[in-house]
Amino acid sequence: MQELVQTYDAIVIGCGLAGLFASLRLQQAGFKVLLLDRRDSPGGLCGTTIIDGYEFVIACNDFGRGMEEDIEELNIPVTFKSKKTRIHYNNEDYFSPFERKTILKFISHPIAFSKFIWKLKNNKPKQVEDYYLGAVVDKLAQDRTLNDLLKLPSYMMGLPPQDFLLEAVEYDSFYGYGYLDPRTPDGGPQVLVDTLVNTFINRGGTLALNTECRDIQKAAQGHKVITNRGKVYSRYVISSQPRLDKYYPDYKPGMKLSKFCIAVANDLPFPEDIHTMIYYPPGISDWYEKLDRGELASEFGFHIFKSDLPEKSDHYTMNIYFYLPRDLDRPTPEVIEEVENYIFGKLETLVPGLNQSLKYKKFISPEEFSQIHQGLSSRVTPVVMTHDFQKPDNYDPETDIYYIGNSVYPPGDHAGASLLSAKTVANLIKIDWQKNNQVVQQKQLTTIN
Ligand SMILES: Cc1cc2nc3c(=O)[nH]c(=O)nc-3n(C[C@H](O)[C@H](O)[C@H](O)COP(=O)(O)OP(=O)(O)OC[C@H]3O[C@@H](n4cnc5c(N)ncnc54)[C@H](O)[C@@H]3O)c2cc1C
């Protein structure tokens with residue numbers, strides 16, 4: 001492997017979405033950027049992988065409108081489709097973005113619904129549980145359906161309602177993530193990543209894969225980054241490595257997703273305007289809390305999406321995501337069989353004929369996920385946030401290192417938040433750069449005078 005020996009304006013550690021967007025933003029501001037990743041392929045959790053000859057989405061696949069806006073701002077040639085999410089609850093279908101029926105369901109209980117909206121805007125908690133969606137909804141909405149539908153955001157973020165902060169319902173509009181109006185990149189997540197990478201390289205950036213950051217030390221003009229391929233120097237270092245040391249003591253990690261990767265015959269119909277279908281059984285607080293306690297629930301939610309990849313001659317692939325009981329990273333064959341029977345039975349109500357059309361099926365446990373993807377984790381939410389703790393800052397003044405990704409500001413555990421962390425850091429660096437250049441210019445002027 002060639003040794004890296006160079007000096008850059010900025011070194012970005014981690015070529016996931018956060019690292020890619022941070023690099024492109026700094027590049028746009030005129031910085032010479034080195035982007036490195038310990039894995040042998042770029043994209044982190046975004047992209048596809050080949051399993052037994054079939055191409056599957058790795059993890060993230062549908063995004064918020066905010067990503068489309070970032071892509072436009074950076075002038076990157078990726079286009080998006082606008083697709084719906086279908087929620088199958090108690091033999092009825094609801095949709096996001098909300099359509100008439102879903103809105104009617106909410107306003108069919110006007111008092112409870114108005115009280116909920118009022119709480120969202122003016123929450124003045126008297127006790128700890130008042131900060132959390134589960135407890136607030138239980139107090140306000142006695143109707144079973146309304147109660148479960150109001151708790152849907154917690155399912156979407158992979159947290160039981162009692163752990164989901166009420167204020168988190170507002171993040172989507174407050175931070176402009178736009179997940180209520182979802183987008184999928186044309187060609188799928190791998191095309192998105194390939195286009196980001198090619199744009200970065202064509203604009204003069206350097207990408208180093210198989211390059212692990214082992215240490216970051218302060219040096220004369222900034223930092224020395226020590227990797228398995230040698231030392232590299234830069235004024236700024238931006239890291240995707242999680243800042244978990246800055247979390248509350250004994251923090252509670254989020255749960256890890258498990259999945260079935262399946263391939264079905266091309267003639268199995270899947271609605272063109274829908275990306276994700278959620279099987280959402282009644283009583284989320286009960287079944288999710290059970291899973292969170294480490295027990296298998298007799299009913300639990302799961303979701304399925306079509307991979308949206310370039311067409312293949314005889315099949316298309318889909319991922320089915322669900323949570324096994326907490327910490328069950330390597331389930332026994334008996335547990336897998338039980339879960340499989342449950343999911344593939346229920347799937348017929350979402351995608352009729354699916355079982356008949358199956359060409360391939362593979363279960364991926366959280367442990368296998370990490371093995372296949374060189375150490376990536378299937379935990380959507382790195383840490384369960386509490387009402388009295390905020391995500392760490394993007395900048396550490398002690399080490400002079402900038403941080404991006406879902407372990408730092410802003411709130412939210414999805415690609416939208418990762419992209420906003422990248423934008424925040426790029427802006428902080430641009431301001432610092434301008435400030436330092438002004439100081440240098442002033443010093444030069446003083447010397448000349
Ligand atoms: C199963 C699953 C499904 C998801 N689905 C969605 C979805 O549909 N929509 C959505 O918006 N979000 C989704 N998310 C969340 C989304 O994937 C993440 O928010 C986003 O991908 C995070 O990007 P990132 O760049 O911060 O981190 P990552 O993608 O994890 O990238 C970090 C990179 O840093 C590299 N790295 C770490 N340490 C080092 C080191 N020391 N040296 C070199 N390289 C290093 C890693 O190898 C990795 O490639 C999902 C998450 C999971 C787990």
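Predicted model: local features only at pLDDT ≥ 70, side-chain atom pairs only at ≥ 80, totals over all residues.
**View 1. The shell around the ligand.** There are 34 residues around the ligand, and Asp37, Asp62, Tyr179, Asn406 and Ser418 come nearest (being near takes a heavy atom within 4 Å). Sorted by class, the shell has 15 nonpolar, 13 polar and 6 charged residues.

**View 2. A cis bond and a nonpolar patch.** Ser96 and Pro97 are joined by a cis peptide bond, with omega about 0 degrees. Pro97 belongs to the loop between strand 7 (92-96) and helix 3. A nonpolar surface patch is made up of Phe98, Ile103, Leu104, Ile107 and Leu180, with about 450 Å² of accessible area together. Patch members have over 30% relative accessible area and no salt bridge, and nonpolar side chains are joined within 5 Å (a salt bridge is a Lys or Arg side-chain nitrogen within 4 Å of an Asp or Glu carboxyl oxygen). Ile103 is in helix 3 (residues 100-107).

**View 3. The other cis bond site, at Pro410.** A cis peptide bond links Tyr409 to Pro410, with omega about 5 degrees. Pro410 is in the loop between strand 19 (401-403) and helix 14 (415-448).

**View 4. Two loop residues with positive phi.** Asp308 isn't a glycine, yet its phi is positive, about 60 degrees. Its loop runs between strand 15 (302-306) and strand 16 (315-323). Asp308 counts as buried at 16% relative accessibility, whereas Gln374 is partly exposed at 32% (buried is under 20%, exposed over 50%, partly exposed in between; 1.4 Å probe, protein chains only). Gln374 has a positive phi near 50 degrees.

**Notes on the views.** Residues are numbered from 1 along each chain as its sequence is written. Local features need pLDDT of at least 70 and side-chain atom pairs 80 or more, while totals for chains, interfaces and linings use all residues, and side-chain values use heavy atoms, without hydrogens or water.

Terms used. Patch = residues over 30% accessible without salt bridge, like charges linked within 9 Å, V, L, I, M, F, W, Y side chains within 5 Å. Areas by Shrake-Rupley, 256 points an atom, 1.4 Å probe, with all protein chains shown as cover. Helix = DSSP H or I, 4+ residues; strand = E, 2+ residues; numbered from the N terminus. Nonpolar A, V, L, I, M, F, W, Y, C, P; charged D, E, K, R; others polar.
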